[in-house]
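Thanks for coming. I will go through one structure today, piece by piece, and define terms as they come up.

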Amino acid sequence: MGMTMQLIQRQKQEQRLEQRLTQEQRILLRTHLFSLRMELVNILREERYVPKAECPKCLRQLTPIEIICGFNRDPNDYTTCCSACGHRFEPKLICFYDGGQMELPFFCDSQALSQLHGKENISPDELARKYPAIYRSAIVHHGTIKGAFAKIGIEYRFEEVSDWKNKIKPFLSSMPDTAIAECVGVSVSTVSAMRKKLGKPRYKVSNALLTASSSSVGDRYYVLAKGVYNKSKRKR
Ligand SMILES: [Zn+2]
């Protein structure tokens, strides 16, 4: 990896800054970055993914970050945890595509990885068709199928995202280069070089928090996912 010392220093600075955030700011930031990530995935893949979980016991609509934090990361336990009443139940992933939508089980990051074993010779299109929930859960958590396979030490030889250069432009500076690279399936240095060439500043936690507080992106995400979330329930 061509990661320079300078880049490592900067990442450490950002990490230190993140550690100083309050719990509320941290959740706000994570929610904001998750929304952006799903928007980027949407633009790259022409499918929108929305994690959905309404607690059957107290009817609370969990936010995507609550759903992800509520997983046990146990390959055999598909449930998440209600942040209000503690009840455990299985969340869904709604996939919106041109002309329709489908409701799938939503797996946690480690479940998506463990279920990919033995599927490395299946093309992305076939994987999406035969194993729709594994495919999409893996993308939500790991950015690409190739990236997910890499985490379990398997090389995935198929091309997934093409024609991405113009599509990532609006996300440069708003998201860390690492996160963009993960969703495209290219190296971080490729994204950084492109960003610098366009004269765009690197992602900053402080700027992201400011944007998140003004909540334009978050709201846009919730509006786009209309019917899935009740916006007012986010204000606690
Ligand atoms: Zn509940």
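Lysine 52 stands opposite lysine 92, a residue of β4. Before I go on, two points of bookkeeping. What you see is a predicted model, where local features need pLDDT of at least 70 and side-chain atom pairs count only at pLDDT 80 or more, while totals for chains, interfaces and linings use all residues. Residues are numbered from 1 along each chain as its sequence is written.

Which strands does it hold, and in what order? It is an open sheet of three strands in the order β1-β4-β5, paired antiparallel. Strands count as paired if DSSP finds at least two bridges between them. β1 and β5 are the edge strands, each pairing on one side only. From one strand to the next, the twist averages 20°.

Strand β1 covers residues 47-52 and strand β4 covers residues 92-97, and six bridges join them. Arginine 48 stands opposite phenylalanine 96 in β4. On the β5 side, phenylalanine 96 has glutamine 101 as its bridge partner. Strand β5, residues 100-105, is also joined to β4 by six bridges. The hairpin of β4 and β5 has two residues between the strands, and there glycine 99 takes a positive phi near 90°.

**Two helices that cross**

Next, helix packing. Two packed helices are described by the angle between their axes and the distance between the axes. Helix α2 (residues 23-45) and helix α11 (residues 205-214) pack at an angle of about 85°, their axes 9 Å apart. That makes α2 roughly perpendicular to α11. The axes are lines fitted to C-alpha atoms, for helices over the stretch in contact, with angles from 0 to 180 degrees between N-to-C directions. Angles under 35 degrees count as roughly parallel, over 145 as roughly antiparallel, 65 to 115 as roughly perpendicular, and the rest as oblique.

From α2 the residues involved are Gln25, Leu28, Leu29, His32 and Leu33, and they meet Val205, Ala208, Leu209, Thr211, Ala212 and Ser213 in α11. A contact here is a pair of C-beta atoms, placed from the backbone, within 7 Å. The residues of this contact divide into seven nonpolar, four polar and no charged. Nonpolar means Ala, Val, Leu, Ile, Met, Phe, Trp, Tyr, Cys and Pro; charged means Asp, Glu, Lys and Arg; the others, Gly among them, are polar.

**The core**

How much of the protein chain is buried? Buried residues make up 32% of its 236 residues. Buried means 20 or more other C-beta atoms within 10 Å of the residue's own, exposed means 12 or fewer, and partly exposed is in between, with C-beta atoms placed from the backbone.

The largest nonpolar core has 45 residues, of which Leu40, Ala138, Ile145, Met175 and Ile180 touch the most other members. Elements giving two or more residues to this core are α2, β1, α4 (109-116), α6 (132-142), α7 (145-151), α9 (177-184) and α11. Such a core is a set of buried Ala, Val, Leu, Ile, Met, Phe, Trp, Tyr and Cys residues joined through C-beta atoms within 7 Å.

Leaving aside neighbours within four places in sequence, isoleucine 180 contacts Leu40, Ile168, Phe171, Leu172, Met175 and Val191. In α4, the buried residues are Gln111, Ala112, Leu113 and Leu116, and their cover includes α6 and α7.

Phenylalanine 71 lies in the loop between α3 (64-70) and β2 (80-81). Why does phenylalanine 71 count as buried? Because phenylalanine 71 has 21 C-beta neighbours inside 10 Å. Not counting residues up to four places away in sequence, phenylalanine 71 touches Thr80 and Cys108.

Arginine 195 is in helix α10 (residues 188-197). Arginine 195 is buried, with 20 other C-beta atoms within 10 Å. Its contacts, leaving aside neighbours within four places in sequence, are Leu172, Asp177, Lys200 and Arg202. Arginine 195 and leucine 172 are 23 residues apart along the chain, and their C-alpha atoms are separated by 6.3 Å.

Definitions and conventions. Helices (H or I, at least four residues) and strands (E, at least two) are DSSP runs, numbered from the N terminus. Two residues are in contact if their C-beta atoms, placed from the backbone, lie within 7 Å.
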